[in-house]
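Subject: The structure for you to look at

Hi,

Here is the structure I promised to pass on. Have it open while you read, and my notes on what turned up will follow below.

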Amino acid sequence: MTAGRRAELAANLDEVRRRIAVACAAAGRSADEVTLVAVTKTWPAADVRLLADLGVTDVGENRDQEARPKHDACADLALRWHFVGRLQRNKVRSVAGYADVIHSVDRPELVNSLAAAAGDGPERPIVLVQVSLDLPPTEGRGGAPPERVLALARRVSESGLRLGGLMAVAPMAEQPDAAFARLADIAAKLRADHPSATVLSAGMSGDLEAAIRHGATHVRIGTALLGRRAPRLG
Ligand SMILES: *Cc1c(COP(=O)(O)O)cnc(C)c1O
């Protein structure tokens, strides 16, 4: 069972790494500019262990109630944990306790809670501002409207948090290239204000090539690595 799953994950990982390498070559970028974040939501801690053993260094989760026990079950592994889901204010303290990178800060009210929870030690998480690429921005999918991103980033940085850069999910109703081109534009403006905010988290199983063309430094891959997720039961 574990041997079979290990072989399956190894084959998927090879294929995802190959896709990243091909996309980087086509974009004239080096493959080590792109970090693979394995999005392990809905999959057990045993899969996280297998992926770590296969060389994965970064894992992503989108729900605190699932992420925290999984993180604790894997505390012996040297992994970076990424929180990529919608962040609720009442979960901020918990998430800040285990996440190395929080991808989904999209409104000012999260910033103060996060700054209070994260403290000012060197271990405090890196924070990304999530941008909505939906036209027009829609409630509920997460992400700040583009025109609010720079102000929100300034607020993150002035609150003493470590501003890492931006995150986005491609809209469902548009070609990802057009959306990621807008994201690249916002990322360039952000870097003009904050030169160290170089992270661009974009690209999932279906659109990692487009994201890499437009400068993604982190791709968040679930299905292509771990398989199709069962629908969540509530
Ligand atoms: C689930 C998820 C992913 C991974 O999506 P796949 O299409 O399964 O690769 C990436 N980013 C976020 C924010 C997610 O919630």
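First, a term you will need a lot: a residue is buried when its relative accessible area is under 20%, exposed when it is over 50%, and partly exposed in between (1.4 Å probe, protein chains only). By that rule Glu109, at 38% relative accessibility, is partly exposed.

Two notes on where the values come from. This is a predicted model, so local features need pLDDT of at least 70 and side-chain atom pairs count only at pLDDT 80 or more, while totals for chains, interfaces and linings use all residues. Residues are numbered from 1 along each chain as its sequence is written, and side-chain values use heavy atoms, with hydrogens and water left out.

**Salt bridges**

Side chains of opposite charge can pair when their charged atoms come close. I call it a salt bridge when a side-chain nitrogen of Lys or Arg is within 4 Å of a carboxyl oxygen of Asp or Glu. The whole structure has 17 of them.

Glu109 is in one with Arg107, where the closest N and O atoms are 3.6 Å apart. Shared partners join Arg86, Asp106, Arg107 and Glu109 into one network of salt bridges. Arg107 is partly exposed too, at 22%.

Another one pairs Asp53 with Arg6, with 2.4 Å between the closest N and O atoms. This pair links distant parts of the chain: Asp53 belongs to helix α2 (residues 45-53) and Arg6 to helix α1 (residues 2-26), 47 residues apart. (Helices, H or I with at least four residues, and strands, E with at least two, are DSSP runs numbered from the N terminus.) Asp53 is exposed at 53%, and Arg6 is partly exposed at 32%.

Are Glu61 and Lys70, which also form a salt bridge, buried or exposed? Both are buried, and their side chains meet at 2.8 Å, N to O.

**The nonpolar core**

In soluble globular proteins, nonpolar side chains tend to be buried together. A nonpolar core here is a set of buried Ala, Val, Leu, Ile, Met, Phe, Trp, Tyr and Cys residues joined through side-chain atoms within 4.5 Å. The largest one has 65 residues, and the members that touch the most others are Ile20, Val105, Leu166, Leu183 and Val219.

Take Leu166. Counting contacts as heavy atoms within 4.5 Å, and leaving out residues up to four places away in sequence, Leu166 touches a list of residues including Leu128, Val149, Leu183 and Leu190.

Leu128 sits in strand β5 (residues 126-132) and is buried, at 0% relative accessibility. Beyond four places in sequence, the residues Leu128 touches include Val101, Val105, Leu166 and Val199. Leu128 and Val84 are 44 residues apart in sequence, yet their C-alpha atoms are 9.6 Å apart in space.

Helix α5 (residues 108-118) has Leu110, Val111, Ser113, Leu114, Ala115 and Ala118 as its buried residues. They pack against α4 (92-98), β4 (101-105), β5 and α6 (146-158). Just after α5 comes Gly119, with a positive phi of about 65°.

**A buried histidine**

His82 is in strand β3 (residues 80-83) and is buried, with a relative accessible area of 2%. What does the side chain of His82 make polar contacts with? One partner is the side chain of Asp58, at 2.6 Å, and another is the side chain of His103, at 2.8 Å. A polar contact is a pair of N or O atoms within 3.5 Å; within protein, one must be able to donate a hydrogen and the other to accept it, and residues adjacent in sequence count only if both atoms are side-chain atoms.

**The ligand**

A polar side-chain atom of Ser205 is 2.5 Å from a ligand oxygen atom. For Arg220, a polar side-chain atom is 2.9 Å from a nitrogen atom of the ligand. Arg229 has a side-chain N or O atom 2.8 Å from a ligand oxygen atom.

**Cysteines**

How many disulfides does the structure hold? Zero, where a disulfide means a pair of cysteine sulfur atoms within 2.5 Å. Cys24 is buried at 1%, and Cys74 is buried with a relative accessible area of 1%.

Cheers
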